[in-house]
Amino acid sequence: MEEEKYISDKFGRRNPFTVPEGYFEQLTAQVMNQLPERRPKARRVWMRPVWWAAAAVCALFVSTAAWLVIPNESKPSQGQVAEVIQQSQPDDAYFDAAADYVMLDNQEIYACLSDY
Amino acid sequence: MLLNPETQRQGFEAAVRQYGEQLYWQVRKIVLTHDDADDVVQNTFLKAWNALDNFGGDSKVLTWLSRIAINEALDLLRKNKRRLTVSDEEPSVASSLLADPYFDGTETEALLQEAIAQLPDVQRTVFQLRYFEELKYSDISQRLGTSEGALKASYHIAVKKISEFFKLRD
């Protein structure tokens, strides 16, 4: 680079700065004297990933065991389910009686009442 | 040694002894006066000591210290610039250097420092580290946290400005 050569030819690369006598001999002691004592670094509580995985497996195992072992009132048994299904099925006799009752005319009602 | 709490102080002392002078010269060429350079070096080591836990050992100790020192030096320049804007007119850099007992250069060398001092901070720092310290761009890049391409561009602009400064005077 032409400009760089111009500068180096004109000025060279000499260091024109100086320091007080003995400065570098005292520098280390000066720096070390002003340093405070270091406080021990606060220990961080943390878990390694393997411990997190182990904890997750344990939690899963305990919750599964609890779900299987502890009786659950809200969970219907198979017998209860069958009963509910049976109760909900229409009864033919009931339908017949209801149909008969609905089809009564006034004459028949009076006849029924006069029997009592 | 620096990472072990038992030997940190000894390790740090060894680092100060080994790199103190090198850091001083880097800083001195940026801030120019001995008193400012001494302040910056002391602050650099104090900051490094307090931030020792952040030094993971993945970079070289010198690179880490140098980065702190350059940042401190540039901070000082910015503070000085703010101070100058509110104070009376200051004497030129060259005349201040020629009156400085710790400047052993000629008038031409003092003028070179004046030309460098007129550059923006990054160009000034890159020029000092490249021209006088003869550091590689990769080293400067680690210390300044800037890409090598940007540093090369800054250096070329700095060289051009300095040569124009003298060509206008010749």
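Biologist: At roughly what angle do the axes of H1(B) and H6(B) cross, and within what distance do they come?

Modeller: The two axes come within 10 Å and cross at roughly 130°. Axes here are lines fitted to C-alpha atoms, for helices over the stretch in contact, with angles from 0 to 180 degrees between N-to-C directions.

Biologist: What makes H1(B) oblique to H6(B)?

Modeller: Angles under 35 degrees count as roughly parallel, over 145 as roughly antiparallel, 65 to 115 as roughly perpendicular, and the rest as oblique. The angle of roughly 130° therefore makes H1(B) oblique to H6(B).

Biologist: Which residues make that contact?

Modeller: H1(B) brings Gln26(B), Lys29(B) and Ile30(B), and H6(B) brings Arg124(B), Thr125(B), Gln128(B), Leu129(B) and Phe132(B). Contact requires C-beta atoms, placed from the backbone, within 7 Å of each other. By class there are three nonpolar, three polar and two charged residues. Nonpolar covers Ala, Val, Leu, Ile, Met, Phe, Trp, Tyr, Cys and Pro; charged covers Asp, Glu, Lys and Arg; the others, Gly among them, are polar.

Biologist: What kind of model is this, and how is it numbered?

Modeller: The model is predicted, and local features need pLDDT of at least 70, side-chain atom pairs count only at pLDDT 80 or more, and totals for chains, interfaces and linings use all residues. Residues are numbered from 1 along each chain as its sequence is written, while chains are lettered from A and ligands numbered from 1 in the order in which they are written.

Biologist: How are H1(B) and H2(B) placed, and why are they called oblique?

Modeller: Their axes come within 9 Å and cross at roughly 140°. On the angle scale already given, H1(B) and H2(B) are therefore oblique to each other. On H1(B) the contact includes Phe12(B), Val16(B), Leu23(B) and Tyr24(B), and on H2(B) it includes Val40(B), Val41(B), Phe45(B) and Trp49(B). That contact has eleven nonpolar, two polar and two charged residues.

Biologist: What elements make up the two chains?

Modeller: Chain B has eight helices and zero strands, and chain A has six helices and zero strands. These are DSSP runs numbered from the N terminus: helices are H or I with at least four residues, strands are E with at least two.

Biologist: How do you know whether Leu32(B) is buried or exposed?

Modeller: Buried means 20 or more other C-beta atoms within 10 Å of the residue's own, exposed means 12 or fewer, and partly exposed lies in between, with C-beta atoms placed from the backbone. Leu32(B) has 22 such neighbours, so Leu32(B) counts as buried. Leu32(B) sits in the loop between H1 and H2 of chain B, and its phi is positive, near 75°.

Biologist: And Glu134(B), buried or exposed?

Modeller: Glu134(B) has 9 other C-beta atoms within 10 Å, so it is exposed. Its place is the loop between H6 and helix H7 (137-144) of chain B. Glu134(B) also has a positive phi, about 55°, although it is not a glycine. Most residues other than glycine have a negative phi.

Biologist: What makes the buried residues of H7(B) line one face of the helix?

Modeller: The buried residues in H7(B) are Ile140(B), Arg143(B) and Leu144(B). Seen down the helix axis they fall within an arc of 85°, so they line one face; the arc is that of the directions from the helix axis to the C-beta atoms. After H7(B) comes Gly145(B), with a positive phi near 65°.

Biologist: What percentage of each chain counts as buried?

Modeller: In chain B, 32% of the 170 residues are buried. In chain A, 4% of the 116 residues are buried.

Biologist: How many residues are in contact between chains A and B?

Modeller: 29 residues of chain B are in contact with 24 residues of chain A. H1(B) gives the most to the side of chain B that touches chain A, with eight residues. That side divides into 14 nonpolar, seven polar and eight charged residues.

Biologist: Why is Leu35(A) called partly exposed, and what is Leu35(A) in contact with?

Modeller: Leu35(A) has 16 other C-beta atoms within 10 Å, so it is partly exposed. Leaving aside neighbours within four places in sequence, Leu35(A) is in contact with Leu46(B) and Trp49(B). Leu35(A) lies in the loop between helix H2 (23-34) and helix H3 (49-69) of chain A.

Definitions and conventions:
Two residues are in contact if their C-beta atoms, placed from the backbone, lie within 7 Å.
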